[in-house]
Amino acid sequence: MAAAVSVWPKAQLLCRHPVRLHRASRRFSESGDKNWFRSLFVHKVDARKDAHSNLLSKMESSNLYKIQFHNVKPDCLESYNSLEAEVQSRLHHDEDYPCEVVGSWNTWYGEQDQAVHLWRYRGGYPALTECLQKLNKNKEYIEFRKERAKMLVSRQNQLLLEFSFWNEPLPRPGPNIYEMRTYHLKPGTMIEWGNHWARAIQYRQENKEAVGGFFSQIGDLYVVHHLWAYESLQAREDTRNSAWLKEGWDVNVYYTVPLIRSMQSRIMIPTKSSPLQ
């Protein structure tokens, strides 16, 4: 009985899609030995040797990211976007502040009247500290925060690192819609997640949809954010369906679903000032 219970979470997602389940079963039976043999030679991170932040992040860079979730009063969203864009532009182009806006969006599907902002601090925690110290002395920024507070219902942020095997998020032309898929993992499974996605990301590069992948360091822990770009909702559907036709993608789903406690999808529209359009 115990063995049957342990298998169920892995099969739960595939059972909802009979065709995918049949395809996955056939592939496991036809190439299981080959995949097992190949896995012996795939580089895997040893979780026992270091913190997962060191093992999974890009060691050649010292980028730190901050993501902000701002829930805005419905009648204030337009004013909020205008005010936020003005301040973001100033900080982004001021060399005195070691931070830059990666992207800024409004949620289209998901939590309504929500703004999402992604910042990059080149220089890691020292850059973040320097920026905060300067902002706390900046009278214009203090007034901006007071004005912004009048428009907000709630706000939340997290500090993130980027996965070493993901693309670095760079400005791109539009128009695009963006999907942020957020995964709350079971504690202790981040290394396993990284090992699987280091192989799986190759199946999601065909249409240049992969924007960035991050994991939390401060705030809610064991949280992963995958950021994707699509031309439209239909393009999203087509791209995601095409992944199931590639040998190996179903294996990634099979092994990563049991690592997840909960997950969320946001479809977002970039603001006019966002570098990611």
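Which side chain does the side chain of Glu206 make a polar contact with? The partner is the side chain of Lys246, at 3.4 Å. A polar contact here is a pair of N or O atoms within 3.5 Å; within protein, one must be able to donate a hydrogen and the other to accept it, and residues adjacent in sequence count only if both atoms are side-chain atoms.

Before going on, a word on what you're looking at. This is a predicted model, where local features need pLDDT of at least 70 and side-chain atom pairs count only at pLDDT 80 or more, while totals for chains, interfaces and linings use all residues. Residues are numbered from 1 along each chain as its sequence is written, and side-chain values use heavy atoms, with hydrogens and water left out.

Back to Glu206. You'll find Glu206 in the loop between α7 (190-200) and β6 (210-218); helices (H or I, at least four residues) and strands (E, at least two) are DSSP runs, numbered from the N terminus. Glu206 counts as exposed because its relative accessibility is 55% (buried means under 20% relative accessible area, exposed over 50%, partly exposed in between, with a 1.4 Å probe and protein chains only).

Now for the strands. Eight of them form a closed barrel in the order β1-β3-β2-β8-β5-β7-β6-β4, with antiparallel pairing (two strands pair if DSSP finds at least two bridges between them). From one strand to the next, the twist averages 35 degrees (axes are lines fitted to C-alpha atoms, for helices over the stretch in contact, and angles run from 0 to 180 degrees between N-to-C directions). Take β2 and β3 (residues 114-122): they pair in the antiparallel sense over six bridges, and Asn106 has Ala115 in β3 as its bridge partner. Helix α8 (residues 233-243) packs on the sheet, touching β2, β5 (177-185), β7 (223-230) and β8 (260-270), where contact means heavy atoms within 4.5 Å.

Strand β2 (residues 100-109) also holds Ser104. Is Ser104 buried or exposed? With a relative accessible area of 2%, Ser104 is buried. Its side chain makes a polar contact with the side chain of His117, at 2.6 Å.

Finally, the cysteines. A search of the whole structure finds zero disulfides, a disulfide being a pair of cysteine sulfur atoms within 2.5 Å.
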